[in-house]
Amino acid sequence: MGDKYPQDYEDWSFDTRAVRAGLTPTNESEHSTPIFATSSFLFDSAEQAAARFAGDEPGNIYSRFTNPSVRVFEDRLTALEEGQWCQGTASGMAAVTGLCLSLLQAGDHIVSSRSIFGTISVLFETILPRLGIEVTFADLADLDSWKSAIKPNTKLLFLETPSNPQTAIGEVAALTALAHDNGAWLAVDNCFCTPALQKPFALGADFIVHSATKYLDGQGRCIGGAILGVDPEHEETVRKFVRTTGPTMSPFNAWVFTKGLETLRLRMKAHCENAQKVAEYLAAQPQIAKVFYPGLASHPQHELAKQQQNGFGAIVSFEVDGGREAAWKIINNVKMLSITANLGDTRTTITHPATTTHGRVSEAEKAKAGVTEGLVRIAVGLEEADDIIADLARGLA
Ligand SMILES: *Cc1c(COP(=O)(O)O)cnc(C)c1O
């Protein structure tokens, strides 16, 4: 590694880290990072092979363990999140599953926010209990409900903030203190804010998980995820788990995500600006009963969001009178917005949570999460804000 590629990124600001951290050039003088499409790596000798396998000599062996393209992504995301290590994974779900299964064992207990990504709920409600790991759900914004859910065997507190689709805010510093007072860890799914808007490690979190599929790529191309931490002992445990069980990130996807990180802050800033305009427009429409967006002064946790985040994100949801019929009518009447449950794309998406992302959630849990029949969720993209608003006006007409 020459002087042209200094890796002591401590002194670099976020934007410089985003475009330069993690570069490990080969002897080919390439400027952009290459894709190492190779399953295995050569050794100079039998002795070297033995030393690599024994762990006596650092270096690549096989891409299920390490791959230089994946390493660039991991090092860059570590620099952006201000953590100590990062393990790339095949998906966001592989990151959450990997975190739980590498750290926990039968007899352990998790307290999780009730308002989490639907598939994580399925993991927590059906798969982990089968392995003897119990989960209790708490209300993200209600510290007392977390306190009363904690048990002597609680090992992990898990949350995502702002929540989806209700945009409730979890107070990361207070929940970290609660976790640590009870001998547990705190993990934050930082998918919606990304490190451009929120730094969970600076607030005390022990782990961050990502679905890189969303804003880290930001362009709707690849599935991937990441587990990040600060403790070297946890790094060993998590890497060993992923290497052994195999939910590894592909080098091609890692390359796409690395490129995505280069524009992350600029994209998030533009997402936030558009979302603010869309939320303000919706709040002024008489047929809309309620708009959920942390950037509105009417949001109950607007002040906390301002304090904890560096921007309010791109998820806006709203409730219309008239239930499912009225909500579906809006979704069917827009022409430009994409009807899809995905988010974190350049294109604005619109969805009806009650019958899509939360379709398999019980009525009682839906009610607790505020997912009503009249609720519509928009993940605001990077089109011109006026065009998004004009399309919504068509939907509401
Ligand atoms: C999409 C998503 C996940 C799961 O990520 P995949 O890449 O789809 O496996 C986890 N958490 C949040 C908040 C998500 O939006």
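A residue is called buried here when its relative accessible area is under 20%, exposed when over 50%, and partly exposed in between, with a 1.4 Å probe and protein chains only. The model is predicted, so that local features need pLDDT of at least 70 and side-chain atom pairs count only at pLDDT 80 or more, while totals for chains, interfaces and linings use all residues. Residues are numbered from 1 along each chain as its sequence is written, and side-chain values use heavy atoms, leaving out hydrogens and water.

**Helix α3**

Helices are DSSP runs of H or I with at least four residues, numbered from the N terminus. Helix α3 covers residues 68-81, and because its 14 residues at 1.5 Å a residue should span 20 Å, the 20 Å between its end C-alpha atoms agrees; the expected span is 1.5 Å times one less than the number of residues. Of these 14 residues, 12 are buried, among them Pro68, Phe73, Arg76 and Glu81.

**The largest cavity**

A cavity is a set of points on a 1 Å grid over the protein atoms alone where a 1.4 Å probe fits but cannot get out, and its lining residues have an atom within 4 Å of a point. The lining of the largest cavity includes Asn67, Val70, Arg71, Glu74 and Arg239, and α3 gives the largest share of that lining.

| Item | Value |
|---|---|
| Cavities of 30 Å³ or more | three |
| Space in the largest cavity | about 80 Å³ |
| Lining residues from α3 | three residues |

Methods. Helix = DSSP H or I, 4+ residues; strand = E, 2+ residues; numbered from the N terminus. 1 Å grid on protein atoms, 1.4 Å probe; cavity = no way out; pocket = protein on both sides within 12 Å on 5 of 7 lines; lining within 4 Å. Points joined across faces, edges and corners; volume = space filled by probe spheres on them.
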